[in-house]
Amino acid sequence: MNTTNDKRPRMPVGDTRRALPLLAVLLLLLAGLLAWSGVRQWRDAALLDDMQRARDAAASAVESAYRAQTGQLAQRLASAPVKAALDRNDSAAAVAALREGWTGVEQVEIHDGALESAYADAAAFGFSKLALLEAGMQGEAVAARVVKDGKTTAFGLAAAVPQGVVYVRLPLAQLTSGFDGVAVPAGGYLALRQGAFNVRERGNAGLQDGAERMAHAVGKTGLRVATAVPDSEPGPLGLGAIPALVAAGLLAALAVLALLVARGGIRLPRIGKKGALMDEADEPTLGEALLREPPPMPAAREARAQEEGGPPDRSAVEVDPGIFRAYDIRGIVGKTLNIEVAELIGLAIGSVMRDEDLADIVVGRDGRLSGPDLVGGLIGGLRKAGRNVIDIGLAPTPVAYFAAYHLRTGSSVAVTGSHNPPDYNGFKIVVGGQTLSGDAITDLYERIRDNRLHVANVPGDLQQRDVSADYIQRIADDVQLERPLKVVVDAGNGVAGDIAPQLLEAIGADVIPLYCEVDGTFPNHHPDPSEPHNLEDLIQTVKRFDADIGLAFDGDGDRLGVVTREGEVIFPDRLLMLFAADVLERNPGALIIYDVKCTGKLQGWVLRHGGTPMMWKTGHSLIKAKMRESGAELAGEMSGHFFFQERWYGFDDGLYSAARLLEILANRAETPSEVLAALPDGVSTPEIKVDVPDGTPHEIVARFVEGASFEGARLSTIDGLRADWDDGWGLVRASNTTPILVLRFEADNTAALERIKDEFRARLQALAPELTMTF
């Protein structure tokens, strides 16, 4: 078609010029919107930077005050007058020498090591003060913390002396004056916290619920400084501050240009296809212009892509495949885990969610010092993948699982090192209701390695929610004790300490907290209730308070340990018997799953109570997968993981399991010790661990299984090798998380136990003589 003869009507040049002022106004309005957004985001970013500086300054000031006062006590205890007074057992003189010249000191006391008078009326004496004195007797260093002493909240110090323990009470201002002196920008929030207690808070208290996300530990003092700023709204089309301001400037320039053209101040030449100047009559129609030159892509999208970048430069971030374990991701902070690795993991999880068309995810963390940084990286990666994140802050792993149901996301990540040492951390991941394990965990690494990571055009949203009250209410609505029980709760300074006492009090228990202040250094003992030596303080405290029972939780609250009033440790496989009998009363024939490390008496117990027993592989992810597949009502592991489908959600939850245990015990006429003592028992070992310095434990177990022959035993190889005789059993399996062999033995009597151990030991020594046997 010859366009020179086209007779279609054209827009007159005058009409075009008359439309330009309206266009200019629209451009100016859009420029103003973008400029306002850019300034607002710039202001919000400046506030965030200022608050982070204030947080760090406050943490430094508090740590300095803490060290000054603990150093003061240590120095005075080492002085000649104090030592002389203590040597001649003159407590009054020692107290006077300690007080002399110490500005502000309010009280100095010396208590005997048994603390009998304190324990005689612990409530009046003060639980926090009592815990401080116990901590002061644990080692050579001075212990210090914020305590409730009578009606006074004070800064307390304690240290061991030959007579027992010395206690010094100082005004809280001796600790907090530096915190109080830090300038807090308007609109921000700053809090000095010990556990769940706000020692001091400043600024906008309405932001306190989200302050844990940017919390910063005060050295190894057990204190932390939490901070928060108001949520920052993303700019139009996801533009950041600088792109928004640049776009505003360009639009303003275009508006000025349009006005100049409209007023005739600028006459734009018109050029035809062949480069010749065009008359106004030769101007193309709007449709022709669009056909000749399609409109450019919105500048916002390009600017957003530049702002977000892609995933972190994979070549610059070293990701160790060894952190991708069978059940979760776990590594050492500063060596195999850092913020950049966490961001890549977030991108990988977000990419899996995108493939499954899942938009929302919950993120929570335990009390480790590295938690806030790793959460920041993880959330950054999830949001870059376009996922909407709900940050629930400091929360036990089962509370993160609960939040995925309660907030209807179906997905969650708990940033936790579980029961591992303080320098470990990791990620427990649920996507679409399924806990990732095995190949699904490996796939995350492969996505990172192969750079198969989805980066969205617009980042996902971020909001903070505190679901702890909802979690407690959900359980308290279902579980209430028929009679009160006195319970000692040992959280091992793990994250369960924030919520376990509240939960158990809500269902009707009388709770005595032990090491419930969240402290990521775990200063009192390791938070692993599967190791009997970690339960020694709990046993002692239960006896001192004449409590009905003692409960212990691991570092992230998904495992439970139990001790009786008499100091007996009740292994989890025996607890599972009690839970099974209770569940089967209401669900005859229900399937009960237990792992290969559990007692051989479980099968008969479940059958006698009308249930269906099933032994399965060890691992919380594997157990949960088997429960979904089989429809089991209850499952449990020797490690202390319990999974209730009946009346709950089927995930492992040490806190909920504790509530169900107290419910059962409170409903019985016998004492808790009598109920637990009646459970079938034998002679057994705890988990035995044998290090494998060379090779792999899986290789050794494979050779152990090959050709294995134990006369008279029934063999199971679903997870390592378990040999069951009529009078006992033995197990060897490879740990999926650490380079060790795990063994356990049980028998009707000591002679049978030793016989079974001898058979396993002899075969292991023949196969791997380089191993050091620990049994």
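How many salt bridges does the count come to? A salt bridge here is a side-chain nitrogen of Lys or Arg within 4 Å of a carboxyl oxygen of Asp or Glu, and by this rule the count comes to 47.

Before the examples, some housekeeping. This is a predicted model, in which local features need pLDDT of at least 70 and side-chain atom pairs count only at pLDDT 80 or more, while totals for chains, interfaces and linings use all residues. Residues are numbered from 1 along each chain as its sequence is written, and side-chain values use heavy atoms, with hydrogens and water left out. Helices (H or I, at least four residues) and strands (E, at least two) are DSSP runs, numbered from the N terminus.

Take Asp681 and Arg574, a salt bridge whose closest N and O atoms are 3.6 Å apart. This pair links distant parts of the chain: Asp681 sits in the loop between α22 (672–677) and β25 (683–684), and Arg574 in helix α18 (residues 572–586), 107 residues apart. Buried or exposed? I use three classes: buried is under 20% relative accessible area, exposed is over 50%, and partly exposed is in between, with a 1.4 Å probe and protein chains only. Asp681 has 44% and is partly exposed, whereas Arg574 has 6% and counts as buried.

Next, Arg660 forms a salt bridge with Glu646, and here the closest N and O atoms are 2.7 Å apart. Arg660 lies in helix α21 (residues 654–666) and Glu646 in the loop between β24 (642–644) and α21, so the pair ties together parts that are 14 residues apart in sequence. Arg660 is buried at 0%, and Glu646 is buried at 7%. Both belong to a network of salt bridges that also links Asp478, Asp582, Arg586, Arg647 and Glu663.

Asp726 is in the loop between β28 (721–725) and β29 (728–734), and Arg714 is in strand β27 (residues 714–716), 12 residues apart. Asp726 counts as exposed, at 73% relative accessibility.

Now the sheet. In which order do the 4 strands of the open sheet come? The order is β6-β5-β8-β7, and the pairing is antiparallel. Two strands pair if DSSP finds at least two bridges between them. The edge strands, β6 (197–203) and β7 (216–217), each pair on one side only. β7 pairs with β8 (residues 223–228) over 2 bridges, and Ala217 stands opposite Arg224 in β8.

Finally, the helices. Two packed helices are described by the angle between their axes and the distance between the axes. Axes are lines fitted to C-alpha atoms, for helices over the stretch in contact, and angles run from 0 to 180 degrees between N-to-C directions. Contact means heavy atoms within 4.5 Å. The axes of α11 (residues 339–355) and α14 (residues 439–449) come within 9 Å and cross at roughly 110°. The two are therefore roughly perpendicular, a class that covers 65 to 115 degrees; under 35 is roughly parallel, over 145 roughly antiparallel, and the rest oblique. Residues making the contact include Leu344 and Ile345 of α11 and Leu444 and Arg447 of α14.
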